[in-house]
Amino acid sequence: MDMLALLGGFTIGEITIPYAWIGVFLGVYLGTQFMKWYVRRTSIQQGQQISELLLSIVLVGVLGWKFSNLLLNPMDAIHNPLSMLAIPGSTYAGEAGLLVALTYGSYKWWRLKPIWRSVINIWPIGLVAGGAVTELFWLSLGKTTHLPWGVHAYGQVYQPTNFYESMVLWISLAIVWKMRVRNKGSWLLIFVGIGSLLVSITAVNTWVIIGLSPGQWVALVLALLGIISVRENDRRQIV
């Protein structure tokens, strides 16, 4: 199937649910289940509260992203509210959703005061599991290519970077899940960070900061955070 079809949606009567939304719902569900499963198998401090905190932040961000369209386009929302609910969020809606999620998350973080090492051990599990599914539903075109699995668009063939990112997340999750380590979240950050740096080679980087794109900086920070966390956990075990 041509991956450009992901820009469409699933139609129920007069309402079309974008495939991107289906990916978000499936990603949130799968990420939540992986976190719950991991918490049940371990004895991480504040495990249940920390997993619920991430779920609530993600849900608030998604709702803020979606329903901010109603505020950004009030007249369209009044004339045709069902169509407004069905269309994907705009760029400004995404920024609004992120702002809402950060505000809500900061408040909930202040109330809970979670243990940092527990957060790093749990959150990557849910985020990576959810992201592995969500990435498959969000088309992202990279550099032009002659590879047979490239995506045909605008008269050329492009690297499917979203598919590569999803594979990095799935493979990283599978490797870490098989590893006999307690701090799986930290190792997951390392593998995902390194894998995302490799995927960024196929992406089109229009914005560069000190030689790296914003996405590359994020991937580098994740890998370094994972390395620091692993070393800290090893030090605690030695002591």
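Rings of Phe, Tyr and Trp (for Trp, its six-membered ring) count as a pair if their centres lie within 6.5 Å, and planes over 60 degrees apart make the pair edge-to-face. The model is predicted, and it holds nine aromatic pairs. Two of them are listed here.

| Aromatic pair | Centre to centre | Angle between planes | Geometry |
|---|---|---|---|
| Phenylalanine 34 and tryptophan 37 | 6.4 Å | 65° | edge-to-face |
| Tryptophan 109 and tryptophan 123 | 5.8 Å | 75° | edge-to-face |

Tryptophan 109 belongs to helix H5 (residues 91-112) and tryptophan 123 to helix H6 (residues 116-134), so this pair links distant parts of the chain, 14 residues apart. Tryptophan 109 is partly exposed, at 23% relative accessible area, whereas tryptophan 123 is buried, at 16%.

Phenylalanine 34 and tryptophan 37 sit three residues apart in helix H1 (residues 19-41), about one turn of the helix. Phenylalanine 34 is buried, with a relative accessible area of 17%; tryptophan 37 is partly exposed, with 39%. Arginine 41 lies over the face of tryptophan 37, 5.4 Å from the ring centre. Ring pairs also join Phe34, Trp37, Tyr38 and Trp177 into a cluster.

The open sheet has three strands in the order E3-E5-E4, paired antiparallel. Strands E3 (141-144) and E4 (151-153) are at the edges with a single partner strand each, so one side of each has no neighbour in the sheet. Two bridges join E3 to E5 (residues 156-160), and leucine 141 has proline 160 in E5 as its bridge partner. Helix H7 (residues 161-178) packs on the sheet and touches E3 and E5.

The unreviewed UniProt entry annotates several spans as "transmembrane region", including 161-179 and 214-230. Residues 161-179 are 95% helix, with end C-alpha atoms 27 Å apart; residues 214-230 are 100% helix, with end C-alpha atoms 24 Å apart.

Technical notes: Residues numbered from 1 in each chain as written. Predicted model: local features only at pLDDT ≥ 70, side-chain atom pairs only at ≥ 80, totals over all residues. Heavy atoms only, no water. Pairing = 2+ DSSP bridges. Helix = DSSP H or I, 4+ residues; strand = E, 2+ residues; numbered from the N terminus. Contact = heavy atoms within 4.5 Å. Axes fitted to C-alpha atoms, helices over the stretch in contact; angles between N-to-C directions. UniProt positions renumbered as here; feature names shortened; annotations may be inferred. Phe/Tyr/Trp six-rings, centres within 6.5 Å; stacked < 30°, edge-to-face > 60°. Buried < 20%, exposed > 50% of the residue type's maximum accessible area, 1.4 Å probe, protein only. Lys NZ or Arg CZ within 6 Å of the ring centre and 35° of its normal.
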